[in-house]
Amino acid sequence: MDFHVNNEQQMLRDGITKFLAARYDLETSRAAAKTGAGWQPEIWRAFAGELGILGATLPEEFDGIGGGAVELMVITEALGHALVIEPYVDTVVVAGGLLRRSGSPAAAGLLTGIVAGDTIVALAAAEPDSGDRWQDAATVAAADGAGWVLNGSKITVLAAPLATHLLITARVAGDDGISLFLTPADAPGIELHPYRTIDDRSAADVTITDLRLPADALLGERGGAWPSLARARDEGAAAVCSEAVGCMRKVLADTVEYCKQRQQFGQPIGGFQVLQHRMVDMFMEVEQSAAAVYLAILNLEADDATRARAVSAGKATIGRAARFIGQQAVQLHGGMGMTEELAIGHYFKRLTAIQYEFGTTDAHLARYAELTK
């Protein structure tokens, strides 16, 4: 596959890369995750004001730039390379896409706030009994006069502790489909149980008890949220796949450099042919992953079946490659590869987590098989 970005997209990539190299220090970001607010708000504001990446893929009518899937790939790969933990995919890609497609007047103001860096929106879809099968939501929404009352629970809501607003999936009694509701994150009836994930992201389990919402909290058609949710899930999967490619390129580069420096038996271990073969295998996995991401990204605007097939192929490829490259990098670094002091250990954790976001490797293999019958 021959793929080249245009001049504007290359400038975007160069700008993000230079910014992150100069101002996004891994040690500082991990300290913020573990002892601070869980992220760096000043970096998020810089993403909005200095880089403009929070609006790069959102429409101009919401103060965005109106970029597309290729811009999404450029941004997320650069964020993955620097191991950024701020909630770009959760807020801009997933929640931003759902808000944009809802056509709700309330969504317009939130999208403008996302572009400005003032608003963070998280999707609460996974549940204790259904896991990440978003379509099996058991959270209940009951009509209450002119509004709604929601009850239920959600698990592993990424970015929820940082969010100003939540998007909650729920089922109205008598409806076959599921609906999507918008609420302030601090509304009475919402209880967050926050924690830090293995890859240093902020997440929370959410308990929803008699959450009262106005009529316009329902986004889009009642019971008709699944098509938009399915697309948001695929867009999120493609975005984290692109992020994984950035992670893997960094892991490979660091591993090659380490093997050039580490001495054993009087010579660099990179001179041993068996280790060279391992690094070549890692390189091949990176390039195959990049090609799979191109396929997924370039099909995000295709019909539902084509999009789903391409995304599942990409996610399955990334899942295999992330596991292989992460394990090889740790082994080639020896015991040091799993320490907090080396970047490799942090990248390995992120690559492991990506294998389970927006559907596991096995789930995407099964979906791909079903779609290619």
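Visitor: In which helix is the place of Ser242?
Guide: This is a predicted model, where local features need pLDDT of at least 70, side-chain atom pairs count only at pLDDT 80 or more, and totals for chains, interfaces and linings use all residues. Residues are numbered from 1 along each chain as its sequence is written, and side-chain values use heavy atoms, with hydrogens and water left out. Helices are DSSP runs (H or I, at least four residues), numbered from the N terminus. Ser242 falls within residues 226-261, which form helix 7.

Visitor: Is Ser242 buried or exposed?
Guide: Buried means under 20% relative accessible area, exposed over 50%, partly exposed in between (1.4 Å probe, protein chains only). Ser242 has a relative accessible area of 0%, so Ser242 is buried.

Visitor: Which backbone oxygen lies 2.9 Å from a polar atom of the Ser242 side chain?
Guide: Contact means heavy atoms within 4.5 Å. Not counting residues up to four places away in sequence, Ser242 touches Thr76, Glu77 and Val293, among others. The backbone oxygen at 2.9 Å belongs to Met73.

Visitor: How are helix 7 and helix 8 oriented to each other?
Guide: Axes are lines fitted to C-alpha atoms, for helices over the stretch in contact, and angles run from 0 to 180 degrees between N-to-C directions. Helix 7 and helix 8 (residues 273-298) pack at about 160°, axes 9 Å apart. Angles under 35 degrees count as roughly parallel, over 145 as roughly antiparallel, 65 to 115 as roughly perpendicular and the rest as oblique. Helix 7 and helix 8 are therefore roughly antiparallel.

Visitor: Which residues of helix 8 make the contact with helix 7?
Guide: On the helix 7 side, Ser242 and Met248 are among the residues involved. Facing them from helix 8 are Met279, Met282, Phe283, Val286, Glu287, Ser289, Ala290, Val293, Ala296 and Ile297.

Visitor: How far apart in space are Met248 and Met282?
Guide: Met248 lies in helix 7. Met248 counts as buried because its relative accessibility is 0%. Met248 and Met282 are 34 residues apart in sequence. C-alpha to C-alpha, their separation is 8.7 Å.

Visitor: Is helix 9 parallel, antiparallel, perpendicular or oblique to helix 11?
Guide: The axes of helix 9 (residues 304-333) and helix 11 (residues 361-371) come within 8 Å and cross at roughly 140°. That angle therefore makes helix 9, relative to helix 11, oblique.

Technical notes: Helices (H or I, at least four residues) and strands (E, at least two) are DSSP runs, numbered from the N terminus. A polar contact is a pair of N or O atoms within 3.5 Å; within protein, one must be able to donate a hydrogen and the other to accept it, and residues adjacent in sequence count only if both atoms are side-chain atoms.
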